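Okay, everyone, thanks for coming. Let me put the model up and then we'll walk through the ligand site and a pocket.

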Amino acid sequence: MKHFQRHPIAKYTTLKVGGYADNFYIPNDREELTELIQSFGSHQFLLLGNGSNIFIKSKRIKKPVLMTNKSLKDVDIDATTGKLRVGAGVDIRKMIADCLRVGLRAPVELLTIPATVGGAVYMNAGRTSMNSSISDNLIEVEVFDGKHFTTLSRKECTFSHRYSVFHRRPQTTILSATFQYDRIPSDVIQSLKRTSIEAAKDKDYRNLASAGSVFKKCDYQLMQSLRGTGFRRTGFARNTPNCIVNYGDAYAWQISALLAYAYVSHRLRGKQAILEWQVW
Ligand SMILES: Cc1cc2nc3c(=O)[nH]c(=O)nc-3n(C[C@H](O)[C@H](O)[C@H](O)COP(=O)(O)OP(=O)(O)OC[C@H]3O[C@@H](n4cnc5c(N)ncnc54)[C@H](O)[C@@H]3O)c2cc1C
């Protein structure tokens with residue numbers, strides 16, 4: 001296992017902003033990860049997947065940070081039943097590719113989301129425009145609470161829009177998720193795949209540092225009007241509403257200021273904005 005102290009961690013996030021972690025761990029496998037979590041006892045820690053939904057606002061993170069995407073890498077597929085069990089550290093784009101290889105109707109709609117399975121389940125990642133989310137075909141989630149290994153059914157995960165029960169259980173680690181997909185002819189799935197990628201093609205934030213949608217609930221027109229505003233180093237994306245991009249070397253305080261501006265703008269118009277990002 002790798003262990004770094006006073007380690008800058010902005011580079012492990014897609015937004016590329018933020019300070020350092022007092023202790024940063026990269027376990028090599030599931031055993032190392034669970035033993036480490038066990039050793040923390042009741043002390044809190046933070047889990048990092050691909051860091052694509054995280055804004056690191058703090059200069060210093062005192063809680064230990066554990067990166068999952070080097071451990072929890074197993075993918076077990078039964079092509080006959082269409083059932084697959086995927087480690088939480090697996091990139092969902094790899095999971096989708098593995099499914100396609102054996103003719104399963106993978107969620108190709110989610111191919112544009114740079115998530116690990118753990119991060120995707122935690123966030124119930126999805127694409128509203130394509131009517132698809134990671135929880136659609138989920139059967140169960142295997143978790144570790146520091147003492148016990150248990151399994152939660154889809155119902156127990158209480159998924160809703162970009163939400164799961166894990167938001168209320170910060171000390172619960174998702175170890176793996178089990179999904180079930182139907183078989184599908186390869187020409188049909190290839191066409192769905194093209195549609196999925198095409199729909200996201202023109203979004204400017206895909207070529208810049210960002211953390212995807214900022215708010216899971218907001219006033220769309222208001223967010224449209226904020227496009228292109230901000231600082232030289234960071235601002236609201238020019239052609240994608242509800243997205244903040246880092247043009248390079250943005251400061252965390254600048255991003256906090258953009259968030260505050262969006263919140264105040266909503267409040268002044270009597271509208272509600274609910275953050276999708278996880279802020280550390
Ligand atoms: C270019 C771009 C496009 C995006 N498009 C979309 C989109 O279309 N739809 C969408 O929903 N999102 C989108 N996002 C946001 C983001 O990709 C998703 O929220 C994704 O699910 C986050 O996964 P992650 O592995 O990066 O998790 P992280 O960002 O690393 O973590 C997110 C949260 O999950 C927790 N977590 C991670 N792993 C575990 C685990 N094993 N156990 C328990 N908790 C865990 C973390 O502690 C954190 O609270 C986009 C982001 C970018 C940068």
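This is a predicted model: local features need pLDDT of at least 70, side-chain atom pairs count only at pLDDT 80 or more; totals for chains, interfaces and linings use all residues.

Which element gives the most to the shell around the ligand? That's helix 3, with five residues. Helix 3 covers 117–123, and strand 3 (46–48), strand 9 (126–127), strand 13 and strand 14 (209–213) each put in at least two residues as well. There are 34 residues around the ligand, and Leu47, Gly49, Ser52, Thr116 and Gly126 come nearest. By type, the shell splits into 14 nonpolar, 16 polar and four charged residues.

Now look at the backbone contacts to ligand oxygen atoms. Gly51 has a backbone N or O atom 2.8 Å from one, Asn50 has a polar backbone atom at 3.0 Å, and for Gly119 the distance is 3.2 Å. On its own the ligand has 980 Å² of accessible area, and the protein covers 94% of that.

Okay, over to the second largest pocket, with about 200 Å³ of space. It has 16 lining residues, and Arg30, Leu72, Lys73, Asp74 and Gly87 lie nearest its centre. Helix 1 (30–40), strand 8 (83–87) and strand 13 (173–180) each give two or more residues to that lining, with strand 8 supplying the largest share, three. Nine of the lining residues are charged, four polar and three nonpolar. Domain 1 (2–67) and domain 2 (75–200) each contribute at least three residues to the lining of this pocket.

Technical notes. Residues are numbered from 1 along each chain as its sequence is written. Side-chain values use heavy atoms; hydrogens and water are left out. On a 1 Å grid over the protein atoms alone, a cavity is a set of points where a 1.4 Å probe fits but cannot get out, and a pocket is an open set with protein on both sides within 12 Å along at least five of seven lines; lining residues have an atom within 4 Å of a point. Grid points are joined across faces, edges and corners, and a volume is the space filled by probe spheres set on the points. Helices (H or I, at least four residues) and strands (E, at least two) are DSSP runs, numbered from the N terminus. Ala, Val, Leu, Ile, Met, Phe, Trp, Tyr, Cys and Pro count as nonpolar, Asp, Glu, Lys and Arg as charged, and the others, Gly among them, as polar. Domain bounds come from an automatic or database domain assignment. A residue is near a molecule or strand if one of its heavy atoms lies within 4 Å of it. A polar contact is a pair of N or O atoms within 3.5 Å; within protein, one must be able to donate a hydrogen and the other to accept it, and residues adjacent in sequence count only if both atoms are side-chain atoms. Accessible areas come from the Shrake-Rupley method with a 1.4 Å probe; for residues, only the protein chains shown count as cover.
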